[in-house]
Amino acid sequence: MQKSDMLNHARTVLRDNDRGTYTVPTHGLYPFQWNWDSALSALGFSHFDEARAWTEIDTLMAHQWDDGMVPHIIFHEPDDGYFPGPDVWGTNRPTPTSGITQPPVAGFAVNRIFSRATDRDLAERMARALVPKIHAWHQWFYRCRDPQGTGLVALLHPWESGRDNSADWDDAFARVPTDGVGTFTRRDTTHANPAHRPTDDQYKRYIWLVQKFRSLDWDNSKLHDASPFQVVDPGFNAILIRSCADLADLAETLKLPDIATQSRALADKALAAMDTLWSEAAGQYLCLDRRLGSLIPSLSIGGILAAFAPLPVNRVQALSARIETLAQSCTYLVPSHAPTTPEFEGLRYWRGPVWLIVNYMIADGLIRAGEGATAERIMQDCARLIVKSGFAEYHDPITAEPCGGAHFTWTAAMIIEIFSTRDLVT
């Protein structure tokens with residue numbers, strides 16, 4: 001496949017999933033606007049339609065809650081093909097939303113789109129409107145998800161991680177009960193192979209948490225301590241740190257000194273705290289079960305995604321070496337769980353497959369730290385996966401089998417971003 005053909009196909013995917021002011025991840029399986037999907041999709045749009053890229057993030061941030069939280073789903077239009085819908089969440093918003101959040105990659109995306117924008121007037125106008133909103137979201141995280149001031153924020157629901165049923169969550173998630181959940185009908189398994197999706201037992205626990213938080217009227221001053229699931233994810237925190245640092249840079253450019261100073265302080269404190277998640281034995285960062293106060297010995301991509309943050313160079317070099325070790329047990333980097341572990345499932349959601357969005361963020365962090373060779377291998381693997389298996393939601397890291405949703409927006413966006421910024425050969 002020629003580079004031009006791949007880029008044209010990728011742009012078609014974005015256009016097909018465009019709903020005017022927001023994109024859906026893919027038709028059927030995900031019919032609404034998802035938080036980090038939108039921010040990453042905007043990167044793709046920015047290479048051929050800057051105005052549309054800004055609109056994507058502007059629409060997302062327009063549904064920010066008063067306390068600063070930005071929800072993980074915005075239900076713009078009714079669609080009974082997805083569960084759980086607005087009636088289950090019960091957040092009572094003018095436009096229905098979910099009541100939890102997702103990885104805050106918007107700060108990074110806005111800074112990157114701004115830095116290369118050709119329409120400087122539009123970029124400055126949009127950035128000035130968005131920066132205070134994104135900063136308020138970052139402040140919300142450290143206020144509501146780090147009430148003890150450790151510098152690191154906790155996830156209260158696996159869906160917040162973006163890595164929904166990672167093996168990282170298994171033990172902590174087992175503490176979430178299923179009593180009283182009631183019966184419900186899943187919709188995801190009618191759109192995708194059930195063998196690729198979370199199990200029914202996991203879904204019951206997902207819904208128990210939603211019902212628990214709803215019983216507290218979605219009061220974010222109460223949810224942290226009320227949740228039996230409190231996990232500190234290094235990958236999630238790395239995204240937050242990177243977005244805070246990038247927002248500080250952008251705020252300085254826009255002459256917003258208060259936001260710049262506050263954002264820098266948040267990033268610096270969190271970076272120092274990240275070292276508490278480092279495992280010398282594993283050669284990577286590990287998740288922390290905040291309820292137990294102990295690291296979770298699960299060798300997932302969450303600990304490698306930490307490279308996206310502006311970490312000390314020696315830590316990124318160690319993560320690069322860890323990736324090289326993973327390359328010995330798979331055909332395509334970077335698997336979402338180590339193939340040599342018993343938890344690995346090459347086809348199941350976040351328990352083994354390769355995701356281009358995570359590949360892109362890891363590669364970006366490696367390049368910043370001078371680990372260009374490993375980053376190049378990762379991006380070449382992205383191209384190889386698409387040539388072999390198309391724009392799937394995710395791919396098996398050994399066979400390249402396409403999994404999950406097809407014609408997937410953020411997969412296409414990452415191909416546009418990678419090929420528009422790197423000189424790769426297909």
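**Cavities and helix packing**

The second largest cavity has a volume of about 40 Å³. A cavity here is a set of points, on a 1 Å grid over the protein atoms alone, where a 1.4 Å probe fits but cannot get out. Grid points are joined across faces, edges and corners, and a volume is the space filled by probe spheres set on the points. This is a predicted model: local features need pLDDT of at least 70, side-chain atom pairs count only at pLDDT 80 or more, and totals for chains, interfaces and linings use all residues. Residues are numbered from 1 along each chain as its sequence is written, and side-chain values use heavy atoms, leaving out hydrogens and water.

Which residues line the second largest cavity? They are W36, P103, S161, R163, D233, G235, F236, I239, L305, W350 and V358. Lining means having an atom within 4 Å of a point. Helix α12 gives the largest share, three residues. Helices are DSSP runs (H or I, at least four residues), numbered from the N terminus. By class, this lining holds seven nonpolar, two polar and two charged residues. Ala, Val, Leu, Ile, Met, Phe, Trp, Tyr, Cys and Pro count as nonpolar, Asp, Glu, Lys and Arg as charged, and the others, Gly among them, as polar.

The whole structure has three cavities of 30 Å³ or more.

Now return to α12. Its axis (residues 234-253) comes within 11 Å of the axis of α6 (residues 120-144), and the two cross at roughly 140°. Axes are lines fitted to C-alpha atoms over the stretch in contact, and angles run from 0 to 180 degrees between N-to-C directions. The pair is therefore oblique, a class left over after roughly parallel (under 35 degrees), roughly antiparallel (over 145) and roughly perpendicular (65 to 115). In contact (heavy atoms within 4.5 Å), α6 residues including V131, I134 and F141 meet α12 residues including F236, L240 and L247. The contact counts eleven nonpolar, three polar and no charged residues.

Helix α6 also packs on α5 (residues 106-116): the axes come within 10 Å and cross at roughly 165°. These two are therefore roughly antiparallel. Among the contact residues are V110 and F114 of α5 and A127 and I134 of α6. This contact divides into eight nonpolar, two polar and three charged residues.

Key. On a 1 Å grid over the protein atoms alone, a cavity is a set of points where a 1.4 Å probe fits but cannot get out, and a pocket is an open set with protein on both sides within 12 Å along at least five of seven lines; lining residues have an atom within 4 Å of a point.
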